[in-house]
Amino acid sequence: MKRTLRLMLAGAVVALTASCSAPKSEIDRKVDDLLSKMTLREKVGQMNQLSGGAELAAVAAKGEMGSVLNCVDVKQLNAIQKAAVEESRLGIPVLISRDVIHGFRTIFPIPIGLAATFDPAIAEEGARISAVEATANGIRWTFSPMLDIARDPRWGRVAEGSGEDPYLDVQMGVAMVKGYQGEDLSDPASMAACIKHFVGYGAAEGGRDYNSTMISERSLRNTYFPAFKAAAEAGAATLMTSFNEIDGIPSTGNKWLLKDVLRDEWGWKGMVVTDWNSAGEMIAHGFSRDLKHTAEQAINAGVDMDMMSYGFIQYVEELVKEGKVSEKDIDNAVRNILKLKFELGLFENPYIDETASAKVDYAPEHLEAAKKAAVESAILLQNKGNVLPLDKAKTILVTGPLADAPYEQLGTWAFDGQPEHTVTPLTALRKEYNVIWEPGLKYSRDNDRSSFAKVRAAASRADAAVVFVGEEAILSGEAHSLSNLNLQGAQSELIAEVAKAGKPVVVVVMAGRPLTIERDLANCDAMLYSFHPGTMGGPALADLIKGKAVPSGKTPMTFLRDAGQAPFYYNHNNSGRPCHGTETLLNDIPIAAGQTSLGCTSYYLDSGYGPLFPFGYGLSYSTFEYGNPVLEKAEYGKDDVIKASVELRNTGKYEATEIVQLYVRDLVGSVVRPVKELKGFERVTLAPGDSKTVTFELPVSDLAFWNIDMEYVVEPGDFNLWIAGDSATGESVNFTIR
Ligand code: BGC
């Protein structure tokens with residue numbers, strides 16, 4: 001019989017410490033003092049967040065707005081702040097917020113691209129740079145990072161997160177929180193982070209944005225919570241609720257999520273904001289009767305601040321009078337808001353220095369870091385005959401709608417990035433090659449093939465062709481779900497046309513999600529997948545194409561053959577009939593075949609057994625050889641640390657970086673366990689011919705999960721462990737937990 005090893009819950013520890021009456025901090029005293037002077041109207045005013053510009057100064061003067069979003073005009077912001085500080089009765093400053101998602105001016109690769117770097121350090125640096133630029137422009141609160149696990153590339157917002165894996169999500173999310181918030185929130189260059197969208201938003205039915213989700217509590221805890229919990233423990237100052245409902249309860253009205261889990265279990269002390277009108281939208285869900293009811297439900301569930309439903313400001317006083325909302329709950333919400341304002345030093349330093357941004361926007365070191373991130377985020381998916389790098393070519397054809405699209409390559413949520421600062425691949429490649437430039441198509445959805453013959457003729461004159469395809473920025477991100485994930489317009493046809501010239505063809509895909517590019521792979525020699533690479537995408541890609549840099553990115557999401565395979569992710573549970581890879585496919589079925597269950601396993605007749613590329617996949621210009629993983633011992637107790645090593649050798653001709661990945665499988669559990677789970681990774685750089693023993697130290701406690709009794713435990717038993725270059729390869733070794 002299995003013995004269950006109970007782990008002490010971090011939440012329980014926090015709850016315990018919180019129950020001892022800790023001495024009040026200076027900030028708590030200031031908050032209490034201010035709160036004691038506030039009228040109910042003024043309290044509700046703090047809970048109200050509005051979007052707009054100069055016109056909001058009048059609202060701030062009345063003390064009816066705690067936070068503003070979407071204004072980046074420094075003069076207007078200072079005017080709003082002046083109204084709040086000098087004209088409102090208590091002079092409480094307004095908290096200025098913005099969606100600074102992957103850079104403010106200097107735009108980094110979109111978050112899914114950053115995740116492809118498997119490099120939390122570059123994510124942290126990117127977030128720090130975002131904070132430096134955004135705070136110089138007055139923004140002290142960003143709505144980032146997005147921690148939603150995304151297993152369905154039809155969902156447009158996969159662009160904004162770290163993909164399908166909880167462990168990678170934790171690493172990138174925590175790094176970004178640290179980067180935004182810096183050492184101390186009171187530093188004028190620090191910006192409060194907002195972990196969003198709590199929770200399950202990425203599991204929208206059919207990948208249709210905002211849609212319903214049906215996620216079990218166990219799955220929430222094992223898969224969707226970890227990054228939120230880790231980022232909360234790392235000190236994330238704020239959290240945003242999500243638009244979706246889970247099992248019939250909209251997150252913004254979900255007391256279990258916002259109070260029982262977040263506050264009581266995790267002991268988190270930050271501030272909760274709704275998503276844009278997500279309180280008001282509970283009416284459309286059919287969860288609230290009217291706007292007044294939404295305010296009652298959201299506040300009672302544990303929301304502190306209302307983004308743009310206007311429900312709180314209109315109805316809270318009535319609700320308190322009627323006894324439907326307690327003033328104690330209002331006080332708690334306002335405490336969380338005021339505490340953040342004190343922590344940010346807004347009371348001492350409310351105004352923006354109007355000359356500050358000019359000193360930091362697009363600073364050379366910011367551009368350098370953005371370029372490094374873009375280099376690391378590009379994934380080499382194919383390189384037939386090692387055509388890349390194009391180090392010998394002199395004349396190249398550059399074509400495709402994304403080759404010179406300064407706005408599009410910035411990707412979604414790049415409000416403040418100025419396209420005139422973007423360096424496109426065309427510009428950068430002109431420094432390296434004699435370039436023949438033929439756009440071929442004007443934009444990614446363009447179907448006009450009238451210049452194809454010209455493009456093909458140009459390809460014949462070049463030593464090689466580089467085709468830049470993908471998605472315009474607007475095709476991914478919020479509310480931009482797609483049911484067909486092939487390249488839009490005539491982009492695939494453009495690639496095929498170029499291929500007819502018989503020259504080496506390199507395709508670069510700049511997109512907001514993993515597209516279904518199988519047919520395009522057949523028409524090119526090499527493919528680099530760069531997602532939307534940001535301001536410095538051009539120089540980064542030019543370095544990779546020329547061979548001044550070597551690709552190292554790995555897929556942060558499974559790449560599908562066909563959108564119909566979605567959702568498809570590596571860390572799934574096994575069915576009782578797992579696919580073995582030799583099953584009958586569509587065209588193998590005889591005509592007039594009799595009723596049969598064919599292979600009797602879980603797969604598609606048409607798109608086959610597996611994905612196009614597994615999670616964690618990516619090639620290099622070099623090659624790496626992995627030895628078999630070696631474990632220090634075969635049996636461990638609950639307090640042990642598993643030491644697992646592998647010999648990695650660079651067997652190619654380039655100095656290159658490999659992302660070495662550690663996976664485990666818990667073979668038998670009290671509930672079904674995923675077939676593989678990422679538990680560690682390391683970026684390892686090796687010179688040609690060099691080798692290194694890469695060692696992971698995995699605490700046994702990291703194998704815990706929410707079991708049949710909904711306890712967070714490590715269950716004794718047998719496990720497999722892999723150390724490999726992706727989630728689909730490598731030999732496993734076994735170990736046992738006693
Ligand atoms: C999005 C959030 C965003 C907010 C504020 C909403 O539509 O879902 O992610 O932070 O708008 O712009």
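In strand β15, the residues A464, V466, F468 and G470 point one way, while A465, V467 and V469 point the other way. Each of these residues is buried, where buried means under 20% relative accessible area, exposed means over 50%, and partly exposed lies in between (1.4 Å probe, protein chains only). In a regular strand the side chains alternate between the two faces of the sheet. Strand β15 covers residues 464-470, and because seven of its seven residues are buried, the strand is largely enclosed by the rest of the structure. Helices (H or I, at least four residues) and strands (E, at least two) are DSSP runs, numbered from the N terminus.

The model is predicted: local features need pLDDT of at least 70, side-chain atom pairs count only at pLDDT 80 or more, and totals for chains, interfaces and linings use all residues. Residues are numbered from 1 along each chain as its sequence is written, and side-chain values use heavy atoms, with hydrogens and water left out.

Strand β15 has two parallel partners among the strands described here. Two strands are taken to pair if DSSP finds at least two bridges between them. Strand β13 (residues 395-399) runs parallel to β15 and is joined to it by four bridges. Within this pairing, V467 of β15 stands opposite T399. Strand β16 (residues 505-510) is also parallel to β15, with six bridges between the two. Here F468 has V508 of β16 as its bridge partner.

Five strands form an open sheet with mixed pairing, in the order β20-β28-β27-β22-β23. The edges of this sheet are β20 (635-636) and β23 (677-686), each of which pairs on one side only. Strand β27 (residues 717-724) is mostly covered, with seven of its eight residues buried. Strand β22 (residues 656-666) runs antiparallel to β27, and six bridges join them. Two bridge partners in β28 can be named: T736 is the partner of D718, and I737 is the partner of G717.

T142 is found in strand β5 (residues 141-142). With a relative accessibility of 0%, T142 counts as buried. Contact means heavy atoms within 4.5 Å. Leaving aside neighbours within four places in sequence, T142 is in contact with R98, D99, V100, Y180, M191, A192, A193 and C194.

I708 is placed in the loop between β25 (705-706) and β26 (712-714). Its relative accessibility is 48%, so I708 counts as partly exposed. Not counting residues up to four places away in sequence, I708 touches R218, S670 and V671. I708 and S326 are 382 residues apart along the chain, and their C-alpha atoms are separated by 37 Å.

D448 is also a loop residue, placed between β14 (434-438) and α19 (452-461). At 35% relative accessibility, D448 counts as partly exposed. D448 touches G440 and L441, again not counting residues up to four places away in sequence.

Of its 738 residues, 60% count as buried. Among contacts with a separation of 6 or more, 77% involve residues 24 or more positions apart. The C-alpha trace spans about 75 × 65 × 55 Å along its principal axes. The radius of gyration is taken over C-alpha atoms, and the globule rule is 2.2 Å times the number of residues to the power 0.38. A compact globule of 738 residues would have a radius of gyration near 27 Å, and the protein has 27 Å, which agrees.

The protein exposes about 27500 Å², of which carbon and sulfur atoms supply 50%. Accessible areas come from the Shrake-Rupley method with a 1.4 Å probe, and for residues only the protein chains shown count as cover. The mean positions of the 73 positive and 96 negative charges are 1 Å apart. Lys and Arg count as positive and Asp and Glu as negative, while His and the chain ends are not counted. The place of a charge is taken as NZ of Lys, CZ of Arg, CG of Asp or CD of Glu.
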